[in-house]
Amino acid sequence: MNKKTYLPKQDAIERKWHLIDASGKILGRLAVEIAELLRGKNKVFYTNHIDCGDFVVVVNASKIVLTGKKLDQKTYFTYSGYPGGAKLTPYSVLMEKSPEKALLAAVKGMLPKNKLADRQITRLKVFREDKHTHSAQLASAK
């Protein structure tokens, strides 16, 4: 009986491209789905310390939905590093200005807090409308 654990090499990992249409989807539930694809949890050989995730292209980020009173009550926090440099932006303003940033923050919060997450978040491509620049990669993936 073989008792060895299979760990894939970085060269052997095949990264797929996933296109997700975000229109009408809830922000948190969509972020969970994206984070699982970026981490590679949908793959058979998933290991938490190996980067085996896929590329994700999200279109129609401007049509993401927030449930309840989150649009008015939830805030996006940024800090410049200087005293008094904290900014609290309500999600109603953030969703109008840059909904891509709201989705990116939600997904980044669901990834591990280490160097691996920095590599994984670079494979997320978010676009406000249904036009995107990755049609060639998606066509070759099929």
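A search of the whole structure turns up 1 aromatic pair (rings of Phe, Tyr and Trp, taking the six-membered ring of Trp, pair if their centres lie within 6.5 Å). Please keep in mind that this is a predicted model, where local features need pLDDT of at least 70, side-chain atom pairs count only at pLDDT 80 or more, and totals for chains, interfaces and linings use all residues. Residues are numbered from 1 along each chain as its sequence is written, and side-chain values use heavy atoms, leaving out hydrogens and water.

**The aromatic pair**

- The partners are W17 and F55, and their rings are stacked, at 4.3 Å centre to centre with 5 degrees between the planes (stacked means planes under 30 degrees apart).
- W17 sits in strand β1 (residues 17-21) and F55 in strand β2, so the pair ties together parts that are 38 residues apart in sequence.
- W17 counts as buried because its relative accessibility is 19% (buried means under 20% relative accessible area, with a 1.4 Å probe and protein chains only).

**Overall build**

- The protein has 6 helices and 5 strands (DSSP runs, numbered from the N terminus: H or I of at least four residues for helices, E of at least two for strands).
- Along the sequence, these elements follow the pattern β-α-β-α-β-β-α-α-α-β-α.
- The C-alpha atoms fill a box of roughly 60 × 40 × 30 Å along the principal axes.
- Of the 142 residues, 37% count as buried.
- Among contacts with a separation of 6 or more, 67% come from residues 24 or more positions apart (contact means heavy atoms within 4.5 Å).

**The nonpolar cores**

- The largest nonpolar core has 27 residues, and I34, L103 and L124 have the most contacts inside it (a core is a set of buried Ala, Val, Leu, Ile, Met, Phe, Trp, Tyr and Cys residues joined through side-chain atoms within 4.5 Å).
- Two or more residues of this core come from each of α1 (27-39), β2 (55-59), α3 (91-97), α4 (99-110), α5 (115-121) and β5 (124-126).
- Helix α1 gives the largest share of this core, 7 residues.
- Another core, of 5 residues, lies apart from it and includes W17, V57, F127 and L138.
- Leaving aside neighbours within four places in sequence, L124 touches I34, L38, V56, V58, L104 and V107.

Technical notes. Buried means under 20% relative accessible area, exposed over 50%, partly exposed in between (1.4 Å probe, protein chains only). Rings of Phe, Tyr and Trp (its six-membered ring) pair if their centres lie within 6.5 Å; planes under 30 degrees apart count as stacked, over 60 as edge-to-face and the rest as tilted.
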